[in-house]
Amino acid sequence: MAERQGGGVRRWYAGWTLWIVSASAAWAIPAFDEVRADFKPSDTLILSREGEVLQRLRTDATVRRGQWVPLAEVSPALRTALVLSEDKRFFEHSGVDWRAASAAAWGNLWNQRTRGASTITMQLAGLLDGDWRQGPGGRTVVQKLGQTVAAQVLDRRWRKDQILEAYLNLVPFRSELVGIDALSRTLFGKAAHGLDDREAAVAAALVRAPNARPALVAQRACGVLRDMQATSGARPAQRATPALARVDCDALDLFTTAALQRRAFDASEGVAPHFARYLLRQRSGKDGAVPERVSSTLRAPLQRFAVQSLQQHLRELRGRNVEDGAVLVLDNATGAVLAWVGSSGQLSQASEVDGVLALRQPGSTLKPFLYAQAIAERRLTAASLVEDSPAQITTASGLYIPQNYDRQFKGWVSVRTALAASLNVPAVRTLVMVTPDAFHRQLGAVGLPLRESGDYFGYSLALGSPEVPLLHLTNAFRTLANGGRSSAVALSDVAKPRFAPALDARAAFIVGDILSDGNARARTFGTDSVLATRFWTAVKTGTSKDMRDNWAVGWSERYTVGVWVGNASGAAMHDVSGTSGAAPIWSAVMGFLHAREPSRAPKAPVGLARTAVQFGPVAPQPGSPDPRGGGQPLEAAREEWFVQGTQQAFFAINSVAISAYPSSASGQNDAKKSAPDAAVSPAGLPPRITAPAPGTIIALDPDIPPARQRLQFTATGNAVQWRLDGKPLGRGPRVAWLPWPGRHVVQLTDAQGKVLDEVRLEVRGAGVVAQPLRAGAH
């Protein structure tokens with residue numbers, strides 16, 4: 001008897017202890033606001049500076065969870081279906097349906113299958129605390145007891161609408177789908193507020209059997225739909241239509257099967273996918289946490305317009321083998337990214353490639369920095385004369401022979417014309433003065449660090465042979481817009497930028513003045529090109545070899561805009577020029593930015609002088625009393641900007657400059673310095689061949705028409721004659737020759753035929769037919 005009493009006491013004590021432990025754990029359930037605050041979607045929303053959602057990007061691959069949906073934004077049909085399916089007396093009981101629990105216990109006693117007694121409140125308790133969650137073998141007695149207590153605590157602390165709202169957002173539906181937002185967007189392609197009776201029935205059926213076969217889900221959904229129609233009298237606004245007066249379970253089976261196979265909830269959605277990924281990568285590098293919402297510097301209307309403009313223009317270029325492009329807009333003062341379009345979207349076969357970050361050859365867009373460096377180092381001025389003529393530059397790997405875009409040469413031009421009209425040969429001649437290594441360092445200073453050295457690229461560096469991303473190139477142009485001061489771009493939380501001097505402010509101003517000069521670019525682009533805007537802008541275009549990349553980068557008073565057009569695959573475009581590729585997009589974006597906002601030319605910095613300049617002709621006219629030549633000037637007279645101390649009033653070449661300034665002994669008026677290829681033989685020395693160099697190997701370029709690949713022979717002295725392979729070629733210090741493959745001997749002779757100098761060269765390449773020599777060919 002005593003033993004039985006002792007056993008009863010122990011069981012009573014154990015039960016009471018179990019109740020205390022379960023109750024104490026149940027009372028630790030968080031408040032509704034805490035649960036809402038701790039909810040983390042699997043997606044991150046990127047917001048514009050106006051607070052508008054620009055991009056939704058999936059950042060959690062382990063689960064598919066949408067945004068938290070308030071109960072007021074959930075379809076009434078779904079709320080009804082869920083209560084009828086899971087807890088018919090949800091609004092009547094206090095967290096535990098004791099009537100259903102009694103029925104379930106009685107059924108278990110007699111081995112009868114009955115509806116489960118777990119209420120929505122009890123299920124939510126299991127979702128909030130893993131201790132009450134059902135395991136593979138079912139819940140233990142402790143778990144059942146704790147869940148019961150927790151449900152009653154929940155019902156006392158939370159309102160019914162809060163319980164139902166939290167349940168709908170936390171309940172697993174199918175596979176990785178958690179919460180009603182993820183379910184409705186994935187299976188039905190709509191928001192939760194738009195679910196109809198049939199869709200709501202399928203959703204409610206999935207709560208009970210998340211991973212069941214489609215047929216079983218459809219069968220259960222059919223029962224839920226019948227219950228909904230039976231109680232439709234309580235929902236006048238949701239009264240069943242005559243077509244649904246009788247549930248067609250076969251049709252519902254087909255609908256359910258199709259819905260369970262649908263995946264309409266894309267991992268990324270919006271107008272700024274590439275920017276969103278880049279922004280989140282930058283943030284994850286700081287603390288590793290990815291917030292639910294991230295504010296950015298993007299302007300929503302501008303971003304949409306940039307996307308539309310890029311796609312529209314690429315459609316107009318259809319048939320020219322161009323499908324990709326990118327647009328970047330920066331705020332000059334802060335460096336804030338205002339628009340970032342990394343791809344043409346559906347028009348591209350590589351839409352995931354970010355054209356803003358991709359490495360591409362910038363072509364002539366590097367020339368502004370080259371001329372700015374030469375001006376800052378006082379090697380050139382904006383009015384200096386440079387020769388745009390065939391050039392052969394001896395390098396360690398052979399001759400470098402630059403060509404202009406149009407395969408034509410303009411002769412002697414000013415630096416202003418050479419840069420604005422984007423002439424290649426003068427740029428290469430300028431790089432010879434500056435040196436590739438020095439220019440390489442200058443590019444790094446403005447934010448264009450290159451992986452290889454200046455010697456690696458050689459003189460092709462002047463024409464944009466390295467690869468740079470649009471992001472860095474556009475920000476480098478922003479350095480020009482800010483008077484040579486450089487700072488990093490900003491993606492969010494714009495703070496005061498930290499500027500560092502990267503380029504001489506006076507040189508940056510002069511380059512900007514040149515790139516804003518429509519008359520100076522007229523030789524290449526015409527006077528009415530798409531680059532001309534009704535407000536002040538400075539812009540430079542560029543095209544890489546074989547038309548693989550086309551650029552337009554420029555700035556206004558407040559903004560810097562960069563545009564790239566090409567193919568992500570690297571394929572060449574067809575007949576896409578500097579003004580038909582990227583420039584129209586650049587012009588459209590600039591026009592949008594300044595639709596209601598003016599743009600004024602910048603003020604000149606200290607240390608500049610503005611001087612009236614005149615240009616002489618190539619040579620004096622016979623019998624002219626004017627020592628400056630009296631012929632047509634090289635360029636029209638104008639006022640020009642100079643770095644203080646480099647200004648002069650007259651620019652000419654050869655004897656014209658010497659006659660105009662007879663006392664000059666140095667500077668740009670010196671014939672020997674301004675005309676390095678002048679046919680003047682040093683006193684006492686016999687004429688010599690100056691180009692090509694002995695042993696030169698010439699490789700014919702298959703991309704250039706043979707007639708455009710004439711080779712220039714130059715020599716010192718005037719009364720000289722040329723022979724090629726023993727046959728007369730021409731007279732004078734300079735002759736042009738159309739090369740053909742083979743080994744050749746070039747000789748320089750006097751009037752009597754005496755050989756004065758000789759070089760041997762080799763031409764390699766196929767497809768060029770040998771042509772007979774013509775005496776005096778130039």
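**Reading the labels in this model**

Q: Where is aspartate 725 found?
A: Aspartate 725 sits in the loop between strand S25 (721-724) and strand S26 (727-731). Helices (H or I, at least four residues) and strands (E, at least two) are DSSP runs, numbered from the N terminus.

Q: What kind of model is this, and which residues count for local features?
A: This is a predicted model, where local features need pLDDT of at least 70 and side-chain atom pairs count only at pLDDT 80 or more, while totals for chains, interfaces and linings use all residues. Residues are numbered from 1 along each chain as its sequence is written, and side-chain values use heavy atoms, with hydrogens and water left out.

Q: Why is aspartate 725 called partly exposed?
A: Buried means under 20% relative accessible area, exposed over 50%, and partly exposed in between (1.4 Å probe, protein chains only). Aspartate 725 has a relative accessible area of 37%, so it is partly exposed. Its phi is also positive, near 55°, in a residue other than glycine.

Q: What makes asparagine 321 buried, partly exposed or exposed?
A: The relative accessibility of asparagine 321 is 33%, and therefore it counts as partly exposed. Asparagine 321 is placed in the loop between helix H13 (300-316) and strand S8 (324-331). Although it is not a glycine, asparagine 321 has a positive phi of about 55°.

Q: Why does glutamate 762 count as buried?
A: With 18% relative accessibility, glutamate 762 is under the cut-off, so it counts as buried. Glutamate 762 belongs to strand S29 (residues 755-764).

Q: Which residues is glutamate 762 in contact with, leaving aside its neighbours within four places in sequence?
A: They are Thr696, Ile697, Ile698, Gly742 and Arg743. Contact here means heavy atoms within 4.5 Å.

Q: Why is helix H14 described as largely enclosed by the rest of the structure?
A: Nine of the ten residues of H14 (residues 367-376) are buried, and that is why the helix is described this way. The buried residues of H14 are Lys367, Pro368, Phe369, Leu370, Tyr371, Ala372, Gln373, Ala374 and Ile375. Arginine 378 follows H14, with a positive phi near 60°.

Q: What makes helix H16 count as mostly covered?
A: In H16 (residues 424-434), nine of the eleven residues are buried. Among them are Asn424, Pro426, Arg429 and Val434. Just after H16, threonine 435 has a positive phi of about 85°.

Q: What makes S19 and S20 a pair?
A: Two strands pair if DSSP finds at least two bridges between them. Strand S19 (residues 608-615) and strand S20 (residues 638-643) run antiparallel and are joined by six bridges, so they meet that rule.

Q: How many bridges join S19 to S21?
A: Two bridges join S19 to strand S21 (residues 650-651), and these strands run parallel. In S21, phenylalanine 650 stands opposite glutamine 614.

Q: Which strands make up the open sheet of four strands, and in what order?
A: The order is S6-S2-S1-S7, with mixed pairing.

Q: Why is one side of S6 and of S7 left without a neighbour in the sheet?
A: Strand S6 (268-270) and strand S7 (293-295) stand at the edges and each has a single partner strand, so one side of each has no neighbour in the sheet. For S6, the antiparallel pairing with strand S2 (residues 53-58) covers three bridges, and glycine 270 is the bridge partner of glutamine 55.

Q: What makes a space in the model a cavity, and how many of 30 Å³ or more are there?
A: On a 1 Å grid over the protein atoms alone, a cavity is a set of points where a 1.4 Å probe fits but cannot get out, and lining residues have an atom within 4 Å of a point. Grid points are joined across faces, edges and corners, and a volume is the space filled by probe spheres set on the points. The structure holds one cavity of 30 Å³ or more, and the largest cavity has a volume of about 40 Å³.

Q: Which residues line the largest cavity?
A: The lining is made of Ala420, Ile514, Leu515, Arg521, Phe525, Leu531, Val539, Lys540 and Thr541. Strand S16 gives the most, with three residues.

Note on methods
1 Å grid on protein atoms, 1.4 Å probe; cavity = no way out; pocket = protein on both sides within 12 Å on 5 of 7 lines; lining within 4 Å.
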